[in-house]
Amino acid sequence: LTTRRRRPGRDGPSEFERAAAAAGLDLKVIPEGFRFDPRVLGPLRRALLEARPDIVESHDSKSHFLVKMLRATLPASSRFGWIAFHHGYTRTSLAVRAYQQLDRLTLPRADVVVTLCRPFVTDLERRGVPTSKMRVLSNFVDRRPRVPAGDCEALRRQLGLEAGDFVLLSVGRLSSEKGHGDLL
(Lines give C-alpha, C1' and ligand atoms only; values in the text may rest on other atoms or scores of the structure.)
Protein backbone atom coordinates (compact mmCIF):
# COMPACT_ATOMS: atom_id res chain seq x y z
CA LEU A 1 0.00 0.00 0.00
CA THR A 2 1.51 3.31 -1.03
CA THR A 3 0.53 6.79 -2.13
CA ARG A 4 1.78 8.28 -5.36
CA ARG A 5 1.70 11.75 -6.80
CA ARG A 6 1.19 11.92 -10.54
CA ARG A 7 3.53 14.42 -12.13
CA PRO A 8 3.61 15.75 -15.69
CA GLY A 9 5.99 13.74 -17.85
CA ARG A 10 5.98 10.77 -15.46
CA ASP A 11 3.04 8.70 -16.62
CA GLY A 12 2.99 4.97 -16.09
CA PRO A 13 4.10 2.92 -13.13
CA SER A 14 6.99 4.03 -10.94
CA GLU A 15 10.14 1.96 -10.48
CA PHE A 16 8.73 0.80 -7.14
CA GLU A 17 5.48 -0.29 -8.77
CA ARG A 18 7.35 -2.17 -11.51
CA ALA A 19 9.56 -3.92 -8.93
CA ALA A 20 6.51 -4.94 -6.86
CA ALA A 21 4.80 -6.31 -9.98
CA ALA A 22 7.95 -8.20 -11.03
CA ALA A 23 8.11 -9.76 -7.56
CA GLY A 24 4.46 -10.81 -7.83
CA LEU A 25 3.39 -8.53 -4.99
CA ASP A 26 -0.12 -7.13 -4.73
CA LEU A 27 0.42 -3.38 -4.48
CA LYS A 28 -2.39 -0.90 -3.97
CA VAL A 29 -1.50 2.62 -5.13
CA ILE A 30 -3.55 5.55 -3.82
CA PRO A 31 -3.19 8.71 -5.90
CA GLU A 32 -2.54 12.00 -4.15
CA GLY A 33 -2.50 15.54 -5.44
CA PHE A 34 0.14 17.01 -3.12
CA ARG A 35 2.33 16.07 -0.13
CA PHE A 36 -0.32 16.15 2.63
CA ASP A 37 -3.41 15.57 0.50
CA PRO A 38 -6.23 14.75 2.97
CA ARG A 39 -8.09 12.89 0.20
CA VAL A 40 -5.78 9.89 0.78
CA LEU A 41 -7.14 9.28 4.28
CA GLY A 42 -10.42 7.68 3.17
CA PRO A 43 -8.86 5.24 0.67
CA LEU A 44 -6.04 4.41 3.11
CA ARG A 45 -8.52 3.70 5.90
CA ARG A 46 -10.65 1.50 3.64
CA ALA A 47 -7.55 -0.39 2.49
CA LEU A 48 -6.49 -1.00 6.10
CA LEU A 49 -9.97 -2.20 7.07
CA GLU A 50 -10.04 -4.53 4.08
CA ALA A 51 -6.50 -5.94 4.46
CA ARG A 52 -6.58 -6.13 8.27
CA PRO A 53 -2.76 -6.21 8.55
CA ASP A 54 -1.06 -7.47 11.68
CA ILE A 55 1.82 -5.03 11.26
CA VAL A 56 2.16 -1.75 9.37
CA GLU A 57 5.54 -0.12 8.78
CA SER A 58 6.16 3.48 7.85
CA HIS A 59 9.31 5.15 6.56
CA ASP A 60 9.06 8.93 6.71
CA SER A 61 7.42 11.79 8.58
CA LYS A 62 4.42 11.87 6.26
CA SER A 63 3.84 8.11 6.45
CA HIS A 64 4.25 8.17 10.23
CA PHE A 65 1.63 10.92 10.43
CA LEU A 66 -0.84 9.05 8.22
CA VAL A 67 -0.45 5.82 10.18
CA LYS A 68 -0.92 7.61 13.51
CA MET A 69 -4.04 9.40 12.26
CA LEU A 70 -5.60 6.28 10.76
CA ARG A 71 -4.75 3.90 13.57
CA ALA A 72 -6.65 6.11 16.01
CA THR A 73 -9.82 5.89 13.89
CA LEU A 74 -9.96 2.11 13.50
CA PRO A 75 -12.12 -0.14 15.64
CA ALA A 76 -10.21 -2.23 18.20
CA SER A 77 -10.76 -5.37 16.10
CA SER A 78 -8.81 -3.77 13.23
CA ARG A 79 -5.87 -2.42 15.22
CA PHE A 80 -2.39 -3.36 14.07
CA GLY A 81 1.17 -3.21 15.34
CA TRP A 82 3.14 -0.25 14.05
CA ILE A 83 6.86 -0.22 13.25
CA ALA A 84 8.17 3.21 12.27
CA PHE A 85 11.55 3.40 10.51
CA HIS A 86 13.57 6.52 11.27
CA HIS A 87 16.28 7.33 8.71
CA GLY A 88 17.77 10.41 10.36
CA TYR A 89 17.26 14.10 9.73
CA THR A 90 18.70 16.49 7.22
CA ARG A 91 18.41 20.25 7.29
CA THR A 92 17.58 20.77 3.63
CA SER A 93 14.79 23.35 3.88
CA LEU A 94 12.38 24.99 6.29
CA ALA A 95 9.52 22.86 4.90
CA VAL A 96 11.45 19.60 5.43
CA ARG A 97 12.36 20.62 8.99
CA ALA A 98 8.68 21.39 9.65
CA TYR A 99 7.61 17.97 8.36
CA GLN A 100 10.22 16.33 10.57
CA GLN A 101 8.71 18.05 13.61
CA LEU A 102 5.64 15.90 13.02
CA ASP A 103 7.74 13.06 14.39
CA ARG A 104 7.31 14.61 17.85
CA LEU A 105 3.59 13.85 17.53
CA THR A 106 3.82 10.51 15.80
CA LEU A 107 6.90 8.46 16.70
CA PRO A 108 6.17 8.26 20.45
CA ARG A 109 2.88 6.54 19.46
CA ALA A 110 4.55 3.83 17.35
CA ASP A 111 4.98 0.40 18.93
CA VAL A 112 8.59 0.13 17.74
CA VAL A 113 10.89 2.75 16.21
CA VAL A 114 13.81 1.38 14.20
CA THR A 115 16.69 3.77 13.60
CA LEU A 116 20.06 3.45 11.89
CA CYS A 117 22.61 4.32 14.57
CA ARG A 118 23.10 5.08 18.28
CA PRO A 119 23.39 8.90 17.81
CA PHE A 120 19.88 8.91 16.28
CA VAL A 121 18.58 7.41 19.53
CA THR A 122 19.46 10.71 21.24
CA ASP A 123 17.57 12.67 18.54
CA LEU A 124 14.55 10.44 19.03
CA GLU A 125 14.66 10.73 22.82
CA ARG A 126 14.51 14.53 22.39
CA ARG A 127 11.38 13.99 20.27
CA GLY A 128 9.77 12.03 23.10
CA VAL A 129 10.31 8.46 21.88
CA PRO A 130 10.85 6.15 24.86
CA THR A 131 14.16 4.28 24.68
CA SER A 132 12.28 1.04 25.38
CA LYS A 133 10.54 1.37 22.00
CA MET A 134 13.73 1.94 19.99
CA ARG A 135 15.82 -0.59 18.09
CA VAL A 136 19.05 0.20 16.22
CA LEU A 137 19.45 -1.61 12.92
CA SER A 138 22.58 -0.29 11.23
CA ASN A 139 23.00 -0.26 7.48
CA PHE A 140 25.23 -3.03 6.32
CA VAL A 141 27.28 -3.97 3.30
CA ASP A 142 27.61 -7.52 2.02
CA ARG A 143 31.19 -8.70 2.07
CA ARG A 144 32.51 -9.10 -1.43
CA PRO A 145 35.58 -10.96 -2.61
CA ARG A 146 38.75 -8.90 -2.59
CA VAL A 147 39.51 -7.22 -5.92
CA PRO A 148 42.57 -8.79 -7.57
CA ALA A 149 45.73 -6.70 -7.06
CA GLY A 150 46.25 -6.50 -10.83
CA ASP A 151 42.86 -4.81 -11.26
CA CYS A 152 43.70 -2.26 -8.56
CA GLU A 153 47.05 -1.49 -10.17
CA ALA A 154 45.43 -1.06 -13.59
CA LEU A 155 42.84 1.34 -12.13
CA ARG A 156 45.55 3.35 -10.35
CA ARG A 157 47.42 3.72 -13.67
CA GLN A 158 44.21 4.68 -15.45
CA LEU A 159 43.55 7.38 -12.82
CA GLY A 160 47.14 8.61 -12.89
CA LEU A 161 47.85 7.58 -9.30
CA GLU A 162 51.26 6.59 -8.01
CA ALA A 163 51.72 3.29 -6.16
CA GLY A 164 52.05 5.05 -2.78
CA ASP A 165 49.16 7.53 -3.22
CA PHE A 166 46.50 7.21 -0.52
CA VAL A 167 42.96 6.75 -1.86
CA LEU A 168 39.81 7.19 0.19
CA LEU A 169 36.31 6.60 -1.17
CA SER A 170 33.24 7.72 0.73
CA VAL A 171 29.83 7.20 -0.78
CA GLY A 172 27.08 9.42 0.56
CA ARG A 173 25.42 12.79 0.36
CA LEU A 174 27.71 15.67 1.36
CA SER A 175 25.84 16.78 4.46
CA SER A 176 26.97 17.18 8.05
CA GLU A 177 25.22 14.11 9.48
CA LYS A 178 27.21 11.88 7.14
CA GLY A 179 30.37 12.73 9.12
CA HIS A 180 32.77 13.48 6.25
CA GLY A 181 34.58 15.99 8.49
CA ASP A 182 35.11 13.29 11.11
CA LEU A 183 36.35 10.90 8.46
CA LEU A 184 38.88 13.38 7.11
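The model is a predicted one, and every value below is computed from it. In the largest nonpolar core, which holds 20 residues, the members that touch the most others are Phe80, Leu107, Val113 and Leu124. Helix 2 and helix 3 both give two or more residues to this core, and the axes of these helices come within 10 Å.

- In soluble globular proteins, nonpolar side chains tend to be buried together.
- Val113, one of the core members that touch the most others, is in contact with Ala84, His86, Leu107, Leu124, Val129, Lys133, Met134 and Arg135 when its neighbours within four places in sequence are left aside.
- Val129, in the loop between helix 6 and strand 6 (134–136), is buried because its relative accessible area is 2%, under the 20% limit.
- Leaving aside neighbours within four places in sequence, Val129 is in contact with Leu107, Pro108, Val113, Leu124 and Met134.
- Although Val129 and Arg144 are 15 residues apart along the chain, their C-alpha atoms are separated by 37 Å.

**Helix 2 against helix 3**

- Two packed helices are described by the angle between their axes and the distance between the axes.
- The axes of helix 2 and helix 3 cross at roughly 60°, and the two helices are therefore oblique to each other.
- The crossing of helix 2 and helix 3 is right-handed, and the contact is made by Leu41, Leu44, Arg45 and Leu48 on the side of helix 2 and by Leu66, Leu70 and Thr73 on the side of helix 3.
- Leu48 of helix 2 counts as buried at 10% relative accessibility.
- Between Leu48 and Asp111, which are 63 residues apart in sequence, the C-alpha to C-alpha separation is 17 Å.

**The aromatic pair**

- A search of the whole structure finds 1 aromatic pair, in which the ring centres of Phe36 and Phe65 are 5.9 Å apart and the ring planes stand at 80°, so the pair is edge-to-face.
- The pair links distant parts of the chain, since Phe36 is in the loop between strand 2 (29–32) and helix 2 (41–51) while Phe65 is in helix 3 (residues 61–73), 29 residues apart.
- Phe36 is partly exposed, with a relative accessible area of 27%, and Phe65 likewise counts as partly exposed, at 23% relative accessibility.

- His64, found in helix 3, is buried, with a relative accessible area of 1%.
- The contacts of His64, not counting residues up to four places away in sequence, are with Ser58, His59, Trp82, Ala84, Phe85, Asp103, Thr106 and Leu107.
- His64 and Ile83 are 19 residues apart in sequence, and their C-alpha atoms are 9.3 Å apart in space.
- Arg71, also found in helix 3, is buried, with a relative accessible area of 16%.
- Once residues up to four places away in sequence are set aside, Arg71 touches Arg79, Phe80, Gly81, Trp82, Arg109 and Asp111.

**Partly exposed positions elsewhere**

- Arg52 is found in the loop between helix 2 and strand 3 (55–58), and at 46% relative accessibility this residue counts as partly exposed.
- The phi of Arg52 is near 50°, a positive value in a residue other than glycine.
- Most residues other than glycine have a negative phi.
- Ala154 has its place in helix 7 (residues 149–159) and counts as partly exposed at 34% relative accessibility.
- Ala154 and Asp165 are 11 residues apart in sequence, with 14 Å between their C-alpha atoms.

Methods
Residues numbered from 1 in each chain as written. Predicted model: local features only at pLDDT ≥ 70, side-chain atom pairs only at ≥ 80, totals over all residues. Heavy atoms only, no water. Phe/Tyr/Trp six-rings, centres within 6.5 Å; stacked < 30°, edge-to-face > 60°. Helix = DSSP H or I, 4+ residues; strand = E, 2+ residues; numbered from the N terminus. Buried < 20%, exposed > 50% of the residue type's maximum accessible area, 1.4 Å probe, protein only. Core = buried A, V, L, I, M, F, W, Y, C linked by side-chain atoms within 4.5 Å. Contact = heavy atoms within 4.5 Å. Axes fitted to C-alpha atoms, helices over the stretch in contact; angles between N-to-C directions. Parallel < 35°, antiparallel > 145°, perpendicular 65-115°, else oblique. Left-handed = near helix turned anticlockwise from the far one by under 90°.
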